[in-house]
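Here is a friendly walk through one chain, with a stop at two of its residues. Have a look at the model before reading on.

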Amino acid sequence: MKHRIRKISCIIAAIICVIGTTVTARADTINFNVTWPGDPYSYEVKKADSEQNFYVTTTSHYLSGFFFAQSQQIDDGSIISNQIGQHFYTKADTVSRRSVGTYARHADGNKYYQLVTSSSRIGMNVKGRYTP
């Protein structure tokens with residue numbers, strides 16, 4: 001009987017180890033649609049991890065020029081990232097481009113962040129995905 005209980009305990013422990021190692025980290029991502037200067041902010045999204053990078057993937061744009069973005073914590077505006085930029089050469093395009101930025105100060109997880117954007121062109125519209 002003791003041998004059977006040990007065997008079952010070992011099997012349960014092995015299953016828990018396998019399940020525990022297959023769980024991956026999940027980061028919240030939102031779609032954004034910003035126009036500078038009229039609507040330069042994304043919706044807020046909760047940062048799901050303590051990674052000190054944020055990710056912006058642009059999926060389409062209207063107008064050529066430079067697009068700039070920073071990730072900023074809602075509660076403490078001084079927690080902001082370094083600025084990332086993308087240069088769009090054509091007037092309108094649907095090419096996907098990914099940029100990675102880093103935070104200038106420690107960015108805590110489980111806090112809300114927003115994407116703050118600007119552009120070299122008035123009326124530039126950019127759509128994409130943002131992960132704080």
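## Asp-108, in a loop

Let us begin with Asp-108, which sits in the loop between strand 7 (97-102) and strand 8 (112-119). Keep in mind that the model is a predicted one. Is Asp-108 buried, exposed or in between? With a relative accessible area of 32%, Asp-108 is partly exposed.

The side chain of Asp-108 makes a polar contact of 3.1 Å with the side chain of His-106. Beyond its neighbours within four places in sequence, Asp-108 touches Lys-47, Asp-49 and Tyr-113. Gln-52 is 56 residues away along the chain, yet its C-alpha atom is 8.5 Å from that of Asp-108.

## Ile-84, in a strand

Our second stop is Ile-84, part of strand 5 (residues 84-88). Ile-84 has a relative accessible area of 11%, which is under the 20% cut-off, so it counts as buried.

Which residues does Ile-84 contact, leaving aside neighbours within four places in sequence? They are Phe-54, Val-56, Phe-67, Phe-68, Ala-69, Ser-99, Val-100 and Gly-101.

## The chain as a whole

Of its 132 residues, 34% are buried.

Among contacts with a separation of 6 or more, 76% are between residues 24 or more positions apart. The accessible surface is about 8,200 Å², and carbon and sulfur atoms supply 56% of that area.

Key: Residues are numbered from 1 along each chain as its sequence is written. This is a predicted model: local features need pLDDT of at least 70, side-chain atom pairs count only at pLDDT 80 or more; totals for chains, interfaces and linings use all residues. Side-chain values use heavy atoms; hydrogens and water are left out. Helices (H or I, at least four residues) and strands (E, at least two) are DSSP runs, numbered from the N terminus. Buried means under 20% relative accessible area, exposed over 50%, partly exposed in between (1.4 Å probe, protein chains only). Contact means heavy atoms within 4.5 Å. A polar contact is a pair of N or O atoms within 3.5 Å; within protein, one must be able to donate a hydrogen and the other to accept it, and residues adjacent in sequence count only if both atoms are side-chain atoms. Accessible areas come from the Shrake-Rupley method with a 1.4 Å probe; for residues, only the protein chains shown count as cover.
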